[in-house]
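The sequence and the structure are shown first.

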Amino acid sequence: MARHLASILTKQILRRSANKAHSTSSNVLKGFLAVYVGETEQKRFVVPVSYLNQPAFQDLLTKAEEQFGYDHPMGGLTIPCREDTFINVTSSLNR
């Protein structure tokens with residue numbers, strides 16, 4: 001169920017970001033996803049789409065859905081957590 005929700009969330013956000021003129025999604029290699037991370041100032045990270053299947057990353061997506069729904073202010077996937085938290089989560093996924 002969580003994978004399905006993550007997939008729907010990501011597809012809807014990517015569709016919206018592709019329609020925005022200031023989107024930088026064209027700079028992202030196939031198999032990767034650009035996300036914006038931060039509580040006040042957002043920093044752009046590029047992560048493998050394989051992260052979408054990881055429970056720890058899905059928790060971050062759930063937090064994003066709770067805060068933004070499908071309307072992400074940066075035009076791409078925005079994850080509302082501290083940058084160091086995001087780095088810790090993604091670092092553990094690389095092991």
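The sections below treat the basis of the model, its hairpin, its surface patch, its aromatic pairs and its salt bridges.

## Basis of the model

The model is predicted; local features need pLDDT of at least 70, side-chain atom pairs count only at pLDDT 80 or more, and totals for chains, interfaces and linings use all residues. Residues are numbered from 1 along each chain as its sequence is written, and side-chain values use heavy atoms, with hydrogens and water left out.

Strands β1 (residues 32-37) and β2 (residues 43-48) run antiparallel and are joined by six bridges. Strands are DSSP runs of E with at least two residues, helices are runs of H or I with at least four, and both are numbered from the N terminus; two strands pair if DSSP finds at least two bridges between them.

Five residues separate β1 from β2 in this hairpin, and glycine 38 in the turn has a positive phi of about 145°. Valine 37 stands opposite lysine 43 of β2.

## Nonpolar surface patch

Leu29, Phe32 and Val46 make up a nonpolar surface patch with about 290 Å² of accessible area together. Such areas come from the Shrake-Rupley method with a 1.4 Å probe, and for residues only the protein chains shown count as cover. Patches consist of residues with over 30% relative accessible area and no salt bridge; like charges are joined within 9 Å, and nonpolar side chains (Val, Leu, Ile, Met, Phe, Trp, Tyr) within 5 Å.

Phenylalanine 32 belongs to strand β1. Its relative accessibility is 38%, so phenylalanine 32 counts as partly exposed; buried means under 20% relative accessible area, exposed over 50%, and partly exposed in between (1.4 Å probe, protein chains only).

## Aromatic pairs

Three aromatic pairs are found in a search of the whole structure. The ring centres of tyrosine 51 and phenylalanine 57 are 5.8 Å apart with planes at 55°, so this pair is tilted. Rings of Phe, Tyr and Trp (its six-membered ring) pair if their centres lie within 6.5 Å; planes under 30 degrees apart count as stacked, over 60 as edge-to-face and the rest as tilted.

Tyrosine 51 and phenylalanine 57 are both buried. One aromatic cluster is formed by Phe45, Tyr51, Phe57 and Phe86.

## Salt bridges

The whole structure contains two salt bridges (a side-chain nitrogen of Lys or Arg within 4 Å of a carboxyl oxygen of Asp or Glu). In one, the closest N and O atoms of lysine 43 and glutamate 83 are 3.4 Å apart. Because lysine 43 lies in strand β2 and glutamate 83 in helix α3 (residues 83-93), the pair ties together parts that are 40 residues apart in sequence.

Aspartate 84 and arginine 82 form a salt bridge at 2.6 Å, N to O.
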